[in-house]
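Subject: Structure handover

Hello,

Here is the structure I promised to pass on. Please open it beside this email and follow along.

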Amino acid sequence: MLQHWYDKKVLVIGLSKSGIAAAKFLNRHGAEVYLTEYNQAKPSDENNINELRSLGIQVETGGHSDEFINDCYLAVTSPSVPLDSEIMVKLKERRIHVISEVELAYSQTLKPFIAITGTNGKTTTTALTAHILNSEYKAEPCGNYGEPPCDLVDDETIDYFVCECSSFQLSYSPSFQPQISVFTNFTPDHITWHKTLDNYFEAKARIFKSPQNPAFSVLNAKDEKLLEFSKEAAGEVFLFGDEIGDNCSYVKDDYIWFKRNGKAEKIISLQDCPFIGKHNWQNAECAIICAKIEGISSEDIKKAIMSFKVPEHRLEKFAEKDGIVFYNDSKATNPEASLVAINSFNDCDVALIAGGRDKMTDLTEFCKAVNNHIKTVILIGEASDRFEENLRQNGFNNIIRENSMQEAVDKSIAINPDVVLLSPACASFDMFSGYEERGRVFKQDVLSKLG
């Protein structure tokens with residue numbers, strides 16, 4: 001393990017949150033740091049650039065110069081930079097090793113990492129795992145959720161790094177060896193970046209097998225691909241989502257159970273869980289497995305789960321008044337993500353607010369779920385025409401069109417359902433800067449209306 005970086009020139013690629021964290025860490029430890037950003041600097045970048053330069057870090061924007069690349073000992077890249085980009089080709093030609101900010105942090109500490117990857121559910125699982133571990137240890141959520149690990153690695157009081165890992169980060173992490181590797185699920189995504197579905201899977205799968213070899217592998221038994229892959233996963237293997245094998249966590253008789261070496265115990269009733277939906281129960285099963293591996297008692301796990309708050313914009317229950325419960329699921333930016341939320345509700349009157357910028361994906365399963373679980377759909381945004389057409393073609397006609405989030409909120413409250421659910425099934429960029437702004441505007445509109 002490198003203990004210092006004196007006299008080493010290190011290239012950091014990308015003026016991102018993780019790139020800035022890597023540059024500052026390397027600078028603190030004596031490296032000669034050059035940060036290069038392909039895009040032109042925006043006004044919002046000015047403070048970060050000035051701070052980096054005040055530390056003696058060289059910064060360029062608007063392209064990658066040979067001056068910055070020449071004679072580099074190592075390159076640390078932001079996760080969004082494609083493997084086949086021009087700068088990556090140059091670095092490969094010059095035999096300059098490229099790693100992620102996650103791998104840089106991992107290489108600079110002896111504290112264990114719990115790596116959580118998958119297509120969906122990573123953030124909630126990361127947050128819940130860290131929350132439970134904090135009942136006995138100091139565990140920090142990091143990576144794609146929380147702080148970049150390079151901002152935390154100098155804190156000697158930390159016991160565990162609970163790291164949400166994207167496929168992009170793992171593509172640049174060939175030596176990253178978590179103590180526990182978690183695979184929440186796998187569905188097609190990011191094909192443009194990875195080129196093929198197999199490449200996307202392999203980017204995530206690498207932390208479950210040789211040479212990275214975790215001590216423990218935790219995989220989704222409900223996902224056929226992951227269940228098959230579990231047969232070749234390294235370390236002690238645990239499954240969640242179904243009672244399969246001697247090491248697993250699952251739901252039975254309205255309780256979440258944990259089993260190790262064939263011995264099973266109840267952990268928590270579903271009624272005591274502060275979240276709804278089978279997907280969230282699976283997130284809890286992942287976190288329970290990790291906590292039990294690290295020696296947290298079942299009673300402490302139960303108490304921690306009961307005190308947990310779901311991360312913002314992810315089927316987040318945030319208000320209840322006059323018999324109406326309000327959920328913010330703004331992170332559902334495609335129909336597949338909205339299905340998870342819609343299918344979480346049974347035998348109640350649900351008003352769904354949906355729409356936004358259309359991703360033009362197939363709506364067949366979305367329409368089936370709406371027919372089975374939703375009483376009223378309120379549509380907003382650019383996708384309204386196609387969504388209405390598809391819903392009506394599939395026999396669902398209780399549709400309301402509104403022009404703004406405020407109007408949608410007003411209408412949803414006026415019809416007095418049991419549940420108002422924002423789960424747009426669309427991107428947000430027709431009306432908002434991102435799903436975060438969309439979710440916060442929804443919450444503000446609701447809370448202002450409730451008084």
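At what angle do α14 and helix α15 pack, and how far apart are their axes? The angle is about 65 degrees, and the axes are 9 Å apart.

Before the rest, some ground rules. This is a predicted model, where local features need pLDDT of at least 70 and side-chain atom pairs count only at pLDDT 80 or more, while totals for chains, interfaces and linings use all residues. Residues are numbered from 1 along each chain as its sequence is written, and side-chain values use heavy atoms, with hydrogens and water left out.

Helices (H or I, at least four residues) and strands (E, at least two) are DSSP runs, numbered from the N terminus. Axes are lines fitted to C-alpha atoms, for helices over the stretch in contact, and angles run from 0 to 180 degrees between N-to-C directions.

**Helix pairs**

Two packed helices are described by the angle between their axes and the distance between the axes.

Back to α14 and α15. Their crossing is right-handed. A crossing is right-handed if the near helix is turned clockwise from the far one by less than a right angle, and left-handed if anticlockwise. Phe366, Cys367 and Val370 in α14 meet Phe387, Asn390 and Leu391 in α15. Contact here means heavy atoms within 4.5 Å. By class, this contact has 5 nonpolar residues, 1 polar and no charged. Ala, Val, Leu, Ile, Met, Phe, Trp, Tyr, Cys and Pro count as nonpolar, Asp, Glu, Lys and Arg as charged, and the others, Gly among them, as polar.

Next, look at helix α12 (residues 298-306). Its axis and that of helix α6 (residues 122-133) come within 9 Å and cross at roughly 130 degrees. The two are therefore oblique to each other. Angles under 35 degrees count as roughly parallel, over 145 as roughly antiparallel, 65 to 115 as roughly perpendicular and the rest as oblique. The crossing of α6 and α12 is right-handed. Leu128, His131 and Ile132 in α6 meet Ile301, Ala304 and Ile305 in α12. The residues of this contact divide into 5 nonpolar, 1 polar and no charged.

Helix α11 (residues 278-293) also packs with α12: the axes come within 10 Å and cross at roughly 140 degrees. This crossing is right-handed. Ile288, Ala291 and Lys292 in α11 meet Ser298, Ile301 and Ile305 in α12. The classes are 4 nonpolar, 1 polar and 1 charged.

**The sheet of 6 strands**

This open sheet has the order β15-β16-β20-β17-β18-β19, with mixed pairing. Two strands pair if DSSP finds at least two bridges between them. β15 (316-321) and β19 (399-401) stand at the edges with a single partner strand each, so one side of each has no neighbour in the sheet. The twist averages 20 degrees from one strand to the next.

Strands β17 (residues 350-354) and β20 (residues 419-422) pair in the parallel sense over 4 bridges. Ile353 stands opposite Leu422 in β20. Helix α16 (residues 405-414) packs on the sheet and touches β16, β17, β18, β19 and β20. Its direction makes about 170 degrees with that of β17.

β15 and β16 pair in the antiparallel sense over 5 bridges. They form a hairpin with 2 residues between them. Asp322 in the turn has a positive phi of about 55 degrees.

**The sheet of 5 strands**

This open sheet has the order β3-β2-β1-β4-β5, with parallel pairing. Its edge strands are β3 (58-61) and β5 (98-100), and each pairs on one side only. Helix α4 (residues 86-93) lies across β1, β2, β4 and β5, running at about 155 degrees to β1.

**Buried parts**

How many of the 8 residues of helix α13 (residues 335-342) are buried? The count is 6, so the helix is largely enclosed by the rest of the structure. Buried means under 20% relative accessible area, exposed over 50%, and partly exposed in between (1.4 Å probe, protein chains only). The buried residues of α13 pack against β17, α14 (364-373) and β20.

Finally, find Glu103 in helix α5 (residues 101-107). Glu103 is buried, with a relative accessible area of 5%. Not counting residues up to four places away in sequence, Glu103 touches Tyr172, Ser173, Pro174, Ser175 and Phe176.

Best wishes
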